[in-house]
Amino acid sequence: MPKVQVLNMQGAAVGEIELSENVFGITPNVHVLHSAVVSQLAGERRGTQSALLRGEVRGGGRKPWRQKGTGRARSGSTRSPLWRGGGIIFAPKPRKYGFKLPKKVRRLALYSALSSKVMEQQLIVLDALSISEAKTREIVKVLKALNIDKKAMIVMDNADEAVLRSARNIEGVKAIDVAGMNVYDLLHHDILVMTKDAVTKTEEVLA
């Protein structure tokens, strides 16, 4: 089982924690990670792009000139896609881009993302994370104590409103609870900070 040091909010080591081999100790599956990220980003696309087909463009009901004898190419409508102001061939229409992955694949993707953080020594486990008031400087103080100067994702066992409000003003820092964890955010942030209770809850949920 992989082991990680447990730190306090001042950055001092206060113990060690054994992580689940099945959740934090597998060999990351790159293909599954890619599929999960593509699926998540596709689901976030608005899909509102729209253009008119030739039958939807106003006008063009009359044949512009007779079929034969003019020396010009035959034409049936001024709203043909070949004409300026005409319709669009295969015009985009509002649609949903999202697609779902099988449950086992989504779970494997989370295992892979979490395991990659452990392998690359980008996981920091805190014994607890709590602040007296919702002030950005409180979270900045904790991040400095942990020597974090990169994009960081903070995961708690339950949503702490004070922490969430304090972290949202810091560029590159995101705070969520275990239920909000996703593959894209895990890979997008360089450092993963989890409370000890969040690790336990993650192992219970994903086991």
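## Strands that pair up

Let's start with a parallel pair: strand S1 (residues 3-7) and strand S3 (residues 123-126) run parallel, joined by two bridges. If you'd like a spot to look at, find Val6, whose bridge partner in S3 is Val125. Keep in mind as you browse that this is a predicted model.

S1 also pairs with strand S2 (residues 13-18), this time in the antiparallel sense and over five bridges. Here Gln5 sits opposite Glu16 in S2. The two strands S1 and S2 make a hairpin, with five residues between them. In that turn you'll find Gly11, which has a positive phi of about 90°.

## Two domains

Now zoom out. The protein is split into domain 1, made of 3-46 + 101-206, and domain 2, covering 48-94. Taken over C-alpha atoms, the centres of domain 1 and domain 2 are 54 Å apart.

## A charged residue on the inside

Glu203 is buried, yet it has no salt bridge. Which side chain of opposite charge is nearest to Glu203? That would be Lys196, and it is 11 Å away. A salt bridge calls for a side-chain nitrogen of Lys or Arg within 4 Å of a carboxyl oxygen.

So what does Glu203 reach with its side chain? The backbone nitrogen of Ser20, at 2.7 Å. Setting aside neighbours within four places in sequence, Glu203 is in contact with Glu18, Leu19, Ser20, Val23 and Phe24.

Key: Residues are numbered from 1 along each chain as its sequence is written. This is a predicted model: local features need pLDDT of at least 70, side-chain atom pairs count only at pLDDT 80 or more; totals for chains, interfaces and linings use all residues. Side-chain values use heavy atoms; hydrogens and water are left out. Buried means under 20% relative accessible area, exposed over 50%, partly exposed in between (1.4 Å probe, protein chains only). Lys and Arg count as positive and Asp and Glu as negative; His and the chain ends are not counted. A polar contact is a pair of N or O atoms within 3.5 Å; within protein, one must be able to donate a hydrogen and the other to accept it, and residues adjacent in sequence count only if both atoms are side-chain atoms. Contact means heavy atoms within 4.5 Å. Two strands pair if DSSP finds at least two bridges between them. Helices (H or I, at least four residues) and strands (E, at least two) are DSSP runs, numbered from the N terminus. Domain bounds come from an automatic or database domain assignment.
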